Amino acid sequence: MTEAAQLLPAELLPDVARRPMGLSSAEVETRRQEGLANRVENKTSRTYRQIVEDNLFTFINTTLLGIGFILILLGQPRDALMSSGLAVINAAIGVVQESIAKRRLDRIALLNRPTARVVRDGQEIEVDPAQLVIGDLLVVEPGDQILLDGTVAGAGKIDVDESLLTGETDSVHKAEGDTVYAGTYVLTGKAWYRAEKTSEQSVAGNIAAGARRFTVSLTPLQQDVNYIVRALLAIAIFLLALVLLSSIIWAYPFTDTVIGAAVILGIVPSGLFLMITVTYSMGALRLARQNALVQQVNAVESLSNVDVFCADKTGTLTANKLVLSQIQPIGDLSEDDVRSMLAHFASSMPVSNKTNDAIVAALPGTPQPLVGHIPFSSARKWSALSADTDALRGVYALGAPEMLGALIEQERDLDPPEGWAAQGWRVLLFASSPEPSSLVDADGDPAAPLDLRPVAWIAFADELRPNLHETLAGFRRAGVRLKVISGDNQETVAALARQAGFPADAVLVSGLDLARMNEIEFDQAAEAGDIFGRITPDQKERLVESMRRHGHYVAMTGDGVNDVLSIKKANLGIAMQSGAQATRAAADIVLLKDSFAAVPAAFREGQRIRRGLQSVLNLFLVRVFTVSLIIIAVTFVRGGFPFSPATMTLLTLLTVGIPTFALAIFAHAGRAPDRILMPLFKFVLPATILMFLVSVIVYLIFYFLSDVDLDTLRHASAAQVNNPDVSGALAKDALTYVMILCGLVLVVFTAPPNEWWAVIEETDRDWRPTAVAILMIPLYIAILSYPWSRKLFSVRLLEWWQYAIIAIAVVAWALGLRYAWQNKIFNRFVGFK
């Protein structure tokens, strides 16, 4: 150790001189063999076991499989296949699709998971967290995540965010001997800590990777779907009770009762969950190809709900590549003197940041031994050091004029040079005091000297991200309000924002003003403001919280550790790949390659998902409600059971199964309603009532044509089901034909190819969903063409004049439905606006 270094306090020695000893490679291997290695499970998505369980072993699927087993025992293998087979097929498709997406997404996620810097064999190296062992010496700096429980070793000092453990947002100071916990994040400073527990043994336990773990926070769409499925399950329970009572009262055969139960359970749209899961997974996969990693499964759809998008300036709007632009001395010092001071100041600062790096790049200097230093923090917004050498003597501080200027006694206000902020430059104040100081008060807290004097104004230029204009314009076209929240001066932020396309009359709000406001004034400023400057991390969090409290769906982007609190508070958090580990861990979406241009693509993908799922819900609900009403009506008149598992399977396959996949795949981006329940009922109610009426009319017409004896039908056995003279099979066939054709017409109304069909949904002029609906007709004809397929699905060929009756009924229904939607007849009747 040099003589100069021997005179320094331990915490101010160069890193190598004050670093504790780490393990050797041999010691690491020995500990690994002793079972002291760390085990890491990176749960960026569900496990394969969870995927299989959640897709196959749902309540509805399990019940249908049980009913299928009973039907096999009763000698009804075809009905067993039809009642249980579709559930198994749906589950298998979901497992395959989600597994493919998981495999690809997990490969991408490996590039984004945090690494650990560890001292081994006297050198600092980066390793995967799974390669750590107990006793390892780890290095942490601002933005790093504490990966294992341990104790601070050596003379380093750090401030830590322990909010994931305690819920408290205040930073906690850590020095030698203090315990640090997995799942926490370093805010300021640099230190070493000795790992004492593995991830599984840590106090945080599962919280160690809590911000990255697969968790589900339901979006509005998911909440609405849950309400719908619960309601449909209640309807199914009511119908089951109705069938059971009818069976007891009218002595229906047990086999028929079981078949009826299978049909009723089949109306519960368990396929909705499959559709949502597959759609989310495929959406995440599409975004991964555009450099956006989805860390929460529903984050893409969640983005489509956003109506306020908050962006941090540094690293989000700008490329975070600062360049020293201007220096203007204050007082008698020359610019060369200031440059020399700045060069030594920046090169001597123990913990650097982007601003400091820009000075070092422009003004190389020689590191000086220090008496004391105060690292930069987002709360203070300034840093300082103290030295006692020929090159650098006294205290030197650099920071935001509003914060650092408050520590300087001046006869007049300090105003930065005119025009600097208007150019979008980051303006800082450089100040000094002639006498060295330890920079701590009597309690050991950081404290600047009382005799600071201004030295110079320093300006840094920052460049906007590529394609930023187009990105922000895309949000404005989508109706999303943009807000910039930054720690820089609001005038500087406003200048850059205007360069990016913000209007000249954008409302500016200062963090200093916010600090003096009461809660009501704060909420008003949060709502009215467009550009927020000199904002502290706590204020960022409060701004997001205020906007959410007033009904906004908020997205927050950032890259620094000072953005973590607000990202966690937002409905949706977005981080840059180059950002701090803490920020990436807390985010729902990580922009790979720092591509901010991927955000509009993610937004459009979310809108596409919402619109696609709304179209899917339209078809599901019309089918469910229509089938339910028909069952109730036929049961009421004791007219037998109108459906069999085979016909329900065919109806589901042709009108819901295949078309809904097409609707989800071919959906277009566009503004969707905030909540879907009301738009759904505006579509579903008229379609259901009119389809029920036309179905019942056709059913009755063919009953009369068949001259069915209802009394005989009511007491028909299972063996008589295939006898048209007894069972009224002709009416059931006609009902199946009508519902299939009406269902296919509904597909066209749901995704209208032109204006004529666009009476309830907007047209995207995309004929592909219509083409899929049309292709179902030859598929149905193919099923009718072969005896074995007709027998499999319990359908029969009809006479040409019977087809004509059905065609006339379907055309009349379609025209009546179009008229009802166009003139809002049902809307006025029930009071919809």
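Helices (H or I, at least four residues) and strands (E, at least two) are DSSP runs, numbered from the N terminus. By that definition I697 belongs to helix α25, which contributes to a nonpolar surface patch. This is a predicted model, in which local features need pLDDT of at least 70 and side-chain atom pairs count only at pLDDT 80 or more, while totals for chains, interfaces and linings use all residues. Residues are numbered from 1 along each chain as its sequence is written, and side-chain values use heavy atoms, with hydrogens and water left out.

**Nonpolar patch**

- L693, I697, I701, L705, W800 and W801 form a nonpolar surface patch of about 620 Å².
- Patch residues have over 30% relative accessible area and no salt bridge, and nonpolar side chains (Val, Leu, Ile, Met, Phe, Trp, Tyr) are joined within 5 Å; a salt bridge is a side-chain nitrogen of Lys or Arg within 4 Å of a carboxyl oxygen of Asp or Glu.
- Accessible areas come from the Shrake-Rupley method with a 1.4 Å probe, and for residues only the protein chains shown count as cover.
- Helices α25 (677-706) and α31 (800-822) each supply at least two residues of the patch, and α25 gives the most, with four residues.

**Eight-stranded sheet**

- An open sheet of eight strands runs in the order β8-β21-β20-β19-β9-β16-β18-β17, with mixed pairing; two strands pair if DSSP finds at least two bridges between them.
- β8 (292-294) and β17 (508-510) are the edge strands, each with a single partner strand, so one side of each has no neighbour in the sheet.
- Neighbouring strands of this sheet are turned by 20° against each other on average, direction ignored.
- β9 (residues 308-311) pairs with β16 (residues 481-485) in the parallel sense over four bridges, and V308 has R481 as its bridge partner in β16.
- Helix α20 (residues 537-549) packs on the sheet, touching β9, β16, β18 (531-533) and β19 (554-558), and its direction makes about 160° with that of β19.
- Contact means heavy atoms within 4.5 Å; axes are lines fitted to C-alpha atoms, for helices over the stretch in contact, and angles run from 0 to 180 degrees between N-to-C directions.

**Buried positions**

- S348 lies in helix α13 (residues 335-348) and counts as buried at 6% relative accessibility, where buried means under 20% relative accessible area (1.4 Å probe, protein chains only).
- Not counting residues up to four places away in sequence, S348 touches T366, P367, Q368, L370 and L385.
- Helix α17 (residues 490-499) is largely enclosed by the rest of the structure, because seven of its ten residues are buried.
- The buried residues in α17 include Q490, V493 and L496.
- Just after α17, G501 takes a positive phi of about 115°.

Conventions
Buried means under 20% relative accessible area, exposed over 50%, partly exposed in between (1.4 Å probe, protein chains only). Patches are made of residues with over 30% relative accessible area and no salt bridge: like charges are joined within 9 Å, nonpolar side chains (Val, Leu, Ile, Met, Phe, Trp, Tyr) within 5 Å.
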